[in-house]
Amino acid sequence: MPLALVQPAYLWLLLLLPVIWLPALLAPSRLPRWRRALSLGLRTTILLALVLALAGAALVWPAREVTTIFLIDHSDSVAPVERARADAFLQAALQRKPAAARAGVVVFGREAVVEQPPTTQVRFTRVTVAPPSDQTDVARALKLALALLPAETRKRLVLLSDGAETRGAALELATAARAAGVPIDVVPLISPPSDEDIAFEALEGPTFAREGQAIGLTAVLRSGRARVARLTLLRDRQPVLESEVSLAAGLNRLPLSVPAPPPGFHTWEARVTASDDPVGANNVQFGFVEVRGTPRVLLVAGDAARSQALAAALQAARLTPVTIAPAELPSSLTGLDAYDVIALVDVPYRDLPPAAAVLLPAYVRDLGRGLLMVGGEQSYAAGGYRDTPVEAALPVTMQTQGLRITPDVALVLVLDRSGSMAGHKLELAKEGAAQAFTTLEERDHIGVIAFDTDADWIVPLQRRPDAASFIRAVGGIAEGGGTDLRPGLEQATAALLTADAKVKHIMLLTDGQAERNYDDVIQRMRQAGITLTAVGIDDFDPHLREVAAQTGGRFYAVRDLNDVPRVFFDESLRVARRGIVERSFVPQVVTPVPAVRALEAVPPLHGYNAVTPRNTAQVVLQSDEGDPILAQWQYGLGRAAAWTSDFKGQWARDWVAWDGFGTFVAQLVGDLLPAPDTPAFEAAATLTGNALAVELRDAGVDAQPRSGLRAVARLIAADGVVSDMPLREVEPGRYHGTAPLPAPGVYRVRVIADDASGRRMGTATSGVVVPPSAEYLQRDGNQALLLALAQRTDGRVDPAPERVWDAPAGAARHARPLTWPLLWLAVLLWPLDIAVRRLFVPPPHPRTVATWTRMVRTRARPAVDLEQRRVQVRRRQRAPLPPPAEAPPSSEPAAPAPSTFDWRRNRRSMVERPDRSRQ
């Protein structure tokens, strides 16, 4: 049983032994020799114990037990019948397990998880854990199993798999297993492919095309037998082709012709389906194409008349304008990418699809496209763009620079509290009142009336109170009885007639029918310039639409109750005309950018939306009071511009009629067009094993590649998710980077290169298709990988269940650490060493020893007869005493016989022997 040391370097500490021995042997000591030798021995033992503990001393002896870990492939490429066979093999092996042997179970697919850690008591009926099964990572499973194997037993791995590895490098782990003396037995789980399966192996086609050019694609399909299937092709997630195709047994190449798509980056998704296909995960493939042509500008306008002048100017500049309603704005990044510039023409934020509004910043920042916002009465702050995703992409904020542009507002909210409004509807009405409150400034006035058959002031018309008291008052509104509009409208009108405000407005919300007994009140409102906005929910009064129009207000028919707060907020902003300035002035040129460089003089404007430019924005035109009229900036890879006036015959009527309007618009939009890729840059994205690799090559200037650039590859998925991959320079002018393989789909790749100072040197564009996992395309498994794993580690192929417990040829040792026993030995010997050197135990006195000796002898004598003893005593008494011997003459008198008293006195007068221990 040899002694092993984990860290033998600590044995150098044994050189401290002479430091302990020399002082003890050479220095004079008052201790007896035997005590000094004992103390030195104890201290030597303590030092040896501490040094061995630090060195990790352990007792080692050969191990006889065996630990076997089973690795079960639970990926989708393993047929259900083969999974059942793996469970049966494991159960049969465990039934024959020796009592001292240990067994563990690892289940793997894309990940590897522990089903059962190594133990002597294993209970297994079937696999209970379910790792992701869309990939097969044998290497991850081997790595986990090697980490689970205990060091004090002999080890073996049993791999039950089809070998269809889609990620990882299992053969590298086989080398590590061989070095550790761990053989890998393999049990192939490969079954013949099903004749019913159809696999879509590839979708071939060009990656670039010209505008107007039809696209030719090729679908590569594999079928187990002849059959008819349905093929569907989607472009940008919209179907463009669907037909039935006849498939022969084996490989099929089907040509497809697709109409010319518009310019832009487009994605393909092809699917094949059949009623009797057992595996659907291998029935899809992806592709992409970038169509180059005339730049397209998307005009988003609630009213097409507001964008007519802009569209005509773009057409004259040989651009392609496309006008749509706000609801038609694409809600995917791929759909938005079909346009080079998007212009929001006097459209309120509430009319934009929420998903599209969120993607607009990524459209500019990540795709490098252009965004233009055109002002109007429903744009900027008046259109509800404050604190929205769209505002983040603009070079201006919706904050205003002064109160001079804000008219005084007196707003009265008339809320229905009838019994039909009880519950959720009344709570939403209260939330709407709170939203309207947030749009008002400090000098504005607000009041709240709740009505049923009667009306009460909840918040009397007053200058804007503090938010807490307003919310508390509105929150106390409780439901009442019937519905009568007159009391509430009459009280609101009477209060507004005496209010000192430029804008007087009533917002009415109701859900019920009511008698039209308020026409005279409406007449008084018209005469006083009081406007009315009516919001009807559920079974509202149909007269409200007509009443709102009579006062110059609006009517909202709310079908979704959750829209009530948003309607109140947007309508309050519109009524308050936040940020709107209406007066005539001539814009002043601040920065001579290309959009205004050729313009010698500009006509006047008659209104605009007041905004605040951002710190990094470039103000091109401004009003006579310093408010920005045209501002632009670089936002990520793209550019955005803000034109705060309109492009219709209201504020910009002189501009629309101006002969230089077409030139101005062409230059304005031209500055927003995406910058072309740098000719010297070439980007390529490829799939390498289980990773996505992106490479940038820089031809440089005069064929001299540039070094030291900071390159980043931006991966843009079809759903708008963006991820950045840094590229490092591997040689002059060549930059390379890799990332884990993303989810299947099409990714657009934009590579941006800056110099060391952050100056943009150029961009390059590419694309890549991540196909569905090869997990579903390996129909025959990978028998060669399984054989290689067994051969490299001296394992076996398809062993019998009882043979998995055979002890491997490599020797294993069991080690028992001695660290704690050695430490305890040192701790226990330390006080003993102190006792030997410090404590005094006096030697026994000679008289005491003699007394003890007599006592022992007396007790050791045999018992005598008492009567015989008495006879002997009498005989001695009768015998005559011998005559005393004559003492020699002496000149000194004889000393008296000592008595007990004299002996004690003499004992006290004796000089004591000194104690050597005190010297």
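How many of the 919 residues of the chain count as buried? The share is 47%, where buried means under 20% relative accessible area, exposed means over 50%, and partly exposed lies in between (1.4 Å probe, protein chains only). The model is predicted: local features need pLDDT of at least 70, side-chain atom pairs count only at pLDDT 80 or more, and totals for chains, interfaces and linings use all residues. Residues are numbered from 1 along each chain as its sequence is written, and side-chain values use heavy atoms, with hydrogens and water left out.

The secondary structure of the chain comes to 23 helices and 41 strands. These elements are DSSP runs numbered from the N terminus, with at least four residues for helices (H or I) and at least two for strands (E). Contact means heavy atoms within 4.5 Å. Of the contacts in the chain with a separation of 6 or more, 74% join residues 24 or more positions apart.

Two packed helices are described by the angle between their axes and the distance between the axes. Helix 1 (residues 17-26) packs with helix 2 (residues 33-54) at an angle of about 170°, and their axes are 10 Å apart. Axes are lines fitted to C-alpha atoms, for helices over the stretch in contact, and angles run from 0 to 180 degrees between N-to-C directions. Helix 1 is therefore roughly antiparallel to helix 2. The cut-offs are under 35 degrees for roughly parallel, over 145 for roughly antiparallel and 65 to 115 for roughly perpendicular, with the rest oblique. From helix 1, Leu-17, Ile-20, Trp-21, Ala-24 and Leu-25 take part. They meet Arg-36, Leu-40, Arg-43, Thr-44 and Leu-47 of helix 2. By class, the residues of this contact are 7 nonpolar, 1 polar and 2 charged. Ala, Val, Leu, Ile, Met, Phe, Trp, Tyr, Cys and Pro count as nonpolar, Asp, Glu, Lys and Arg as charged, and the others, Gly among them, as polar.

The structure holds 2 cavities of 30 Å³ or more. The largest cavity has a volume of about 90 Å³. A cavity is a set of points on a 1 Å grid, over the protein atoms alone, where a 1.4 Å probe fits but cannot get out; lining residues have an atom within 4 Å of a point. Its lining includes Phe-265, Asp-337, Leu-367 and Arg-748. Strand 14 (264-273), helix 7 (333-336), strand 36 (710-717) and strand 39 (745-754) each supply at least two lining residues. The lining has 7 nonpolar, 2 polar and 2 charged residues.

Val-619 lies in strand 31 (residues 618-622). Val-619 counts as buried, because its relative accessibility is 18%. Beyond its neighbours within four places in sequence, Val-619 is in contact with Val-590, Thr-591, Pro-613, Pro-628, Leu-630 and Ala-631.

Val-797 is found in the loop between helix 19 and strand 41. At 40% relative accessibility, Val-797 is partly exposed.

Most residues other than glycine have a negative phi. Tyr-380 has a positive phi, near 55°. This residue sits in the loop between strand 19 (370-374) and helix 9 (389-393). Tyr-380 is buried, with a relative accessible area of 1%. Asp-794 also has a positive phi, near 60°. The loop between helix 19 (783-792) and strand 41 (813-817) holds Asp-794. Asp-794 is exposed, at 56% relative accessible area.

Terms used. 1 Å grid on protein atoms, 1.4 Å probe; cavity = no way out; pocket = protein on both sides within 12 Å on 5 of 7 lines; lining within 4 Å. Points joined across faces, edges and corners; volume = space filled by probe spheres on them.
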